[in-house]
Amino acid sequence: MTYLLVLLPVFIVGIVFLAVANLHAGILFGASVPVEFPSSHAGRRILREYRARGVVMMAVFMLMDAIALQRGHADLAIFALPAQVLLWAALYSIAVRRTRPFAIQPPLVRTASLDRDHSLKPMVLGCVAALLPLLAATLYLHLHWASIPEIFPVHWGADGQANGWTQRTVTGVYMPIWIGVAVIGFVLVIGISVRYARGGEGLRRLTRTVLILVSALLSFTFTWVALLPLLHRNGPTAPFAAVGVSLVGAGIVFWAIVQQIRLRNSGEPYDGTPDNCWYAGMFYYNPADPSIFVPKRLGVGHTLNFAHPISWMGLAVLLLPIGFLLLHRHAR
Amino acid sequence: MNGAPQIRIVLDGPTPIYRQVVDQIRTLCVDGGLKAGHSMPSVRQLAANLGVHFNTIAEAYRTLAVEGWLEVKQGRSVFVSERREPRQPTRAAAAQHSSRLRHQVAELRANGFSPEWIRHEIESALGGPE
């Protein structure tokens, strides 16, 4: 089980980095290139070398992780993940440098649907449905309050052993529910804001479908965490559920990548943004562009235009509660 | 992707964005791509989707409303109008459009398009269902 918990993220990160190079029509490694360039001799060579080096690196990391786990160094294996991400980033930047000489001035063509926002309703309904398990868990916990132990575990190490506990208080018991509701609410706000995002209806629908799936996964995760005080008496379930959540999360990532490739092949012009407004291929800063959300060049969905203060405010709304929770946990 | 009517603008093209938006929506209305009663995206939404200034789309919608193609209802709802037969054009309007058409034909001839091709295109444009 521990092997799966450690090796699965390494595998997912590897697949994501392998896929992001060529997910959008006319864009390779974040640079604007002719649409046919990825299938040209030079384009194929850059892609082939990036993928070959990446696969070898991924295999080496998985082998090293497996050896570290076998020798009882689970923490060492976990720290290998950020190192792997850094190395992937290095490989990516090498490929970016090799692609840049083939970059062209992108055609500043933009398209938009003149139809109503059809995917908004499913988005709202999906997020509301995701709140139902949390509400049911609240009711269940309330009805079984007396069965909740006075002290119960809330955190587990990579070895599956509990290493953090809390008491049976309203905050201690219902905190996962509150966090779940807040996070799903935030996902809903993003889904509604996508109405004002650049790009066609296809990309908007894809972003929202991913958000619905993520909110369902978050709902399941927080419901399960909230019910742990009642479940854990039958044995440690944390590692099993963590592997399950990781597998479903990986499924969502792979599905999104496949859908993005299908969208790429539909031939619609992509983002119509100038290359010099993209930093590291992922941060967009263009004060001349009124859009807050623009299609990502690295990955699936939309990203923020950091030239607008509202983007920073949105980021603060997301990060401040996380920072507060981390500080709160550290203080305790 | 889903067959929904689309608008496509070229930011660095010779035609102003406002004009591209007006021309394309009008063409869609004339060709039947946009039916009467069709609910249009709000000014703010279309501006954000295209990444252009709010005022550009507001001005385009205003022009199309004056021409009778769009109807802006209370609040932000914008619909394609049930357009009645246009009133008889004035002599001034006829002269202005005649001049524009002649300029356009002259430009096409200057760029090497044959009179047959121009005639075919005009007939094809006139042949669309209204």
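Buried residues, those under 20% relative accessible area with a 1.4 Å probe and protein chains only, make up 28% of the 130 residues in chain B. This is a predicted model in which local features need pLDDT of at least 70 and side-chain atom pairs count only at pLDDT 80 or more, while totals for chains, interfaces and linings use all residues. Residues are numbered from 1 along each chain as its sequence is written, chains are lettered from A and ligands numbered from 1 in the order in which they are written, and side-chain values use heavy atoms, with hydrogens and water left out.

**Exercise 1. Describe the fold of chain B.**

Solution. Start with the elements: chain B has five helices and four strands. Helices (H or I, at least four residues) and strands (E, at least two) are DSSP runs, numbered from the N terminus. Then look at the extent: along the principal axes, the C-alpha atoms of chain B fill a box of roughly 45 × 35 × 30 Å. Finally, turn to contacts, meaning heavy atoms within 4.5 Å. Of the contacts in chain B with a separation of 6 or more, 45% join residues 24 or more positions apart.

**Exercise 2. Check the length of α1(B) and find what its buried residues pack against.**

Solution. The expected span of a helix is 1.5 Å times one less than its number of residues. For the 15 residues of α1(B), residues 17–31, that should be 21 Å, and the end C-alpha atoms are 21 Å apart, so the two agree. Now list the buried residues: B:Gln20, B:Val21, B:Val22, B:Ile25, B:Leu28 and B:Cys29. The buried residues of α1(B) pack against β1 (6–10), β2 (39–40), α3 (54–67) and β4 (78–80) of chain B. Just after the helix, B:Gly32 takes a positive phi of about 90°.

**Exercise 3. How are α4(A) and α5(A) oriented to each other, and which kinds of residue form their contact?**

Solution. Take the axes as lines fitted to C-alpha atoms, for helices over the stretch in contact, with angles from 0 to 180 degrees between N-to-C directions. The axes of α4 (residues 120–143) and α5 (residues 170–193) of chain A come within 10 Å and cross at roughly 175°. The two helices are therefore roughly antiparallel, a label for angles over 145 degrees. The residues in their contact divide into 17 nonpolar, four polar and no charged. Here Ala, Val, Leu, Ile, Met, Phe, Trp, Tyr, Cys and Pro count as nonpolar, Asp, Glu, Lys and Arg as charged, and the others, Gly among them, as polar. On the α4(A) side, the residues include A:Leu120, A:Met123 and A:Cys127, and among those on the α5(A) side are A:Gly191 and A:Ile192.

**Exercise 4. Is A:Arg208 buried or exposed, and what does A:Arg208 touch?**

Solution. First locate A:Arg208 in helix α6 (residues 201–231) of chain A. With a relative accessible area of 1%, A:Arg208 is buried. Not counting residues up to four places away in sequence, A:Arg208 touches A:Asp117, A:Ser119, A:Leu120, A:Met123, A:Gly191, A:Ile192, A:Val194 and A:Arg195. A polar atom of the A:Arg208 side chain lies 2.9 Å from the backbone oxygen of A:Gly191.

**Exercise 5. Characterise A:Gly126.**

Solution. A:Gly126 is in helix α4 of chain A and, at 17% relative accessibility, counts as buried. Leaving aside neighbours within four places in sequence, A:Gly126 is in contact with A:Ile212 and A:Ser215. A:Gly126 and A:Leu213 are 87 residues apart in sequence, with their C-alpha atoms 8.3 Å apart.

Definitions and conventions
Buried means under 20% relative accessible area, exposed over 50%, partly exposed in between (1.4 Å probe, protein chains only). Angles under 35 degrees count as roughly parallel, over 145 as roughly antiparallel, 65 to 115 as roughly perpendicular and the rest as oblique. A polar contact is a pair of N or O atoms within 3.5 Å; within protein, one must be able to donate a hydrogen and the other to accept it, and residues adjacent in sequence count only if both atoms are side-chain atoms.
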